[in-house]
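Q: Hi! I'm new to this one, could you walk me through it?

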Amino acid sequence: MLMTAFGGLMWLIFTAMLVLAVVALVMAAIAREDAYRAADKQNKVFWLIILGVTVAVNLLVPMLFLQLAGLVATIVFFVDVRPALRQVSGGGRGRRGGSSSDGPYGPYNGGR
């Protein structure tokens, strides 16, 4: 009984790692190549290869060490690369409802 619950938990964890890797791979593929250079990160091909290998390892090779290494790469992409890409490409501003004339302390009204 306990081994069945443990097996189910491990299956859930491995599935979550695979889903995160696939989502990161899709996000890396959607981002523009020049955004990687502007954000001063590794290029797009590098991240596509790293995340593609991570997805392949999660699907084909049931070795926990390799899956954890891929999980680290996926986390680095989500925590470091993706926010930098969003900042460079202007993706972070539209959700807060700001406009192009907003300054750090509110909208700029031209000295009126």
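Here is a short chat about salt bridges and one glycine.

A: Happy to! This is a predicted model, where local features need pLDDT of at least 70, side-chain atom pairs count only at pLDDT 80 or more, and totals for chains, interfaces and linings use all residues. Residues are numbered from 1 along each chain as its sequence is written, and side-chain values use heavy atoms, with hydrogens and water left out.

Q: How many salt bridges are there?
A: The count is 3, taking a salt bridge as a side-chain nitrogen of Lys or Arg within 4 Å of a carboxyl oxygen of Asp or Glu.

Q: Which residue pairs with lysine 41?
A: Aspartate 80 does, at 3.0 Å from N to O. The two are 39 residues apart, with aspartate 80 in helix H4 (residues 64-89) and lysine 41 in the loop between H2 and H3. Helices here are DSSP runs of H or I, at least four residues, numbered from the N terminus.

Q: And what does glutamate 33 pair with?
A: Arginine 37, with the closest N and O atoms 3.7 Å apart. Both sit in helix H2 (residues 33-38), about one turn from each other.

Q: Is arginine 37 buried or exposed?
A: Arginine 37 is exposed, because its relative accessibility is 56% (buried is under 20% relative accessible area, exposed over 50%, partly exposed in between, with a 1.4 Å probe and protein chains only). Glutamate 33 is partly exposed at 29%.

Q: Switching topic, where is glycine 52?
A: Glycine 52 is in helix H3 (residues 44-60). Its C-alpha atom is 8.1 Å from that of valine 22, 30 residues away along the chain.
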